[in-house]
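Here is a short report on one structure. Keep the sequence and the 3D view open while reading.

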Amino acid sequence: MNVGYLDFGAKATSVFGWQMTFGGPFGLFLLGAFGFPIILSGLAMAHGRELETAVEVFWEMFDYGFSIAVWGGLFGFFMLYLPRWQAYAKLRNAIPTRFNRQRREVCFVPKGQNEPIFVPWEELVAWVTEAQGVTEYGVQRQYGFGIGFYHPETGEKYTLEFETYGQPQAISTWEAIRAYMEYEVHTLKDIQDPLELQGPDDPPWEGVHVFRNARKRLHDEYGNGKRGMLYLIGWYLYHLVTFWTIPNRLVEWEVKKIKRMSQKALPKAMAQWSEPLPEDQCARPSEELKRQSRRVLELQKADPRRSVLEVFAQVDEEFAGTSSMTA
């Protein structure tokens, strides 16, 4: 995301994914190599055995379980890393959907095609899907978010959908895109920094700066009495088990790698279309959309707790027959 365009579907990585990739197998290794021997030696003492016998039990179980723990940890790491490796293979030729707010257009490159399709922003359609079914495990619900358009030249219909964790995520995804295109948000920090761990000059990904900011805030809160000693120790133990700052450094490496792959796969026409425009050449929203946007803000201000779906549905009814409400 920059001042001119926002890429949607660029597969930004997260620190938590790498922490689980390292910390999960390492935790299993510690449990198998040290945890079980300590438990069994403790049980031996609980049943009246002498300390010397308990120590022998520990070393016997350690010798037996160490190699199993090592191979088990390596297998777990391989199984967790395999999906990431497969994702890189898919990203090689993947081109994200790009929203250009200076031109007020959206660029799509459908799967299996090389020529980009440029669609006016106000002709884009967005929707939220919800499905419900009953299985032997109970009622299951699925949610999704989709956008679509008609090809400006052929009239062919194109759609792009993906699953979400729930309806709020689907709605907020669209609201983030819409707010960016309508100049209501200007930085990625406004969209995806719920923990407020990124400074004003920090890059938008979860690099080493996020770790340092989190540690500084932790010590400030500990000094002010907001956090206790147990929380402080737990924070350090968690990050030691998850290999300290290595996950953050791997995120920085992944971001650079994904950017390089994206630039190689980017069509020339899309790269030229993405070039920044002078202020006097930037596109402006239609008068119809301005009126609808003002009406949306009026309804939200009158009842801030009202669902965004209800607000847009009312505005859609009031401005029935117009096409710009889809944007």
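Which residue in β6 stands opposite T129? The residue is G144.

## Basis of the model

This is a predicted model, in which local features need pLDDT of at least 70, side-chain atom pairs count only at pLDDT 80 or more, and totals for chains, interfaces and linings use all residues. Residues are numbered from 1 along each chain as its sequence is written, and side-chain values use heavy atoms, with hydrogens and water left out.

## The three-strand sheet

Three strands form an open sheet in the order β5-β6-β7, with antiparallel pairing. Its edge strands are β5 (125-135) and β7 (157-164), each of which pairs on one side only. Neighbouring strands here are turned by 25° against each other on average, direction ignored. Helices (H or I, at least four residues) and strands (E, at least two) are DSSP runs, numbered from the N terminus. Two strands count as paired if DSSP finds at least two bridges between them.

Strand β6 covers residues 138-150. It runs antiparallel to β5, and 11 bridges join the two. In general, strands of a sheet pair through backbone hydrogen bonds, either parallel or antiparallel.

Helix α3 (residues 167-181) lies across β5, β6 and β7. It runs at about 15° to β6. Axes are lines fitted to C-alpha atoms, for helices over the stretch in contact, and angles run from 0 to 180 degrees between N-to-C directions.

## A buried threonine

T97 belongs to strand β2 (residues 97-100). Is T97 buried or exposed? T97 counts as buried because its relative accessibility is 9%. The cut-offs are under 20% relative accessible area for buried and over 50% for exposed, with partly exposed in between (1.4 Å probe, protein chains only).

Leaving out residues up to four places away in sequence, T97 touches L6, D7, F8, V106, C107, F108 and L160. Contact means heavy atoms within 4.5 Å.

## A nonpolar surface patch

L28, L31, F36, I39, L40 and L43 form a nonpolar patch on the surface. Together they have about 540 Å² of accessible area, computed by the Shrake-Rupley method with a 1.4 Å probe, where for residues only the protein chains shown count as cover. Patch members have over 30% relative accessible area and no salt bridge; like charges are joined within 9 Å, nonpolar side chains (Val, Leu, Ile, Met, Phe, Trp, Tyr) within 5 Å.

One of the patch residues, I39, is found in helix α1 (residues 15-46). At 46% relative accessibility, I39 is partly exposed.

## Salt bridges

How many salt bridges does the structure hold? There are 13. Each is a side-chain nitrogen of Lys or Arg within 4 Å of a carboxyl oxygen of Asp or Glu.

R295 pairs with E298, with the closest N and O atoms 3.3 Å apart. Both lie in helix α9 (residues 287-302), three residues apart, so about one helical turn separates them. R295 is partly exposed at 25%, and E298 is partly exposed at 47%. Elsewhere, salt bridges that share partners join R104, E122 and E182 into one network.

R104 is buried at 7% relative accessible area. E182 is buried at 17%.

E221 forms a salt bridge with R227, where the closest N and O atoms are 3.0 Å apart. R227 is partly exposed, at 32%.
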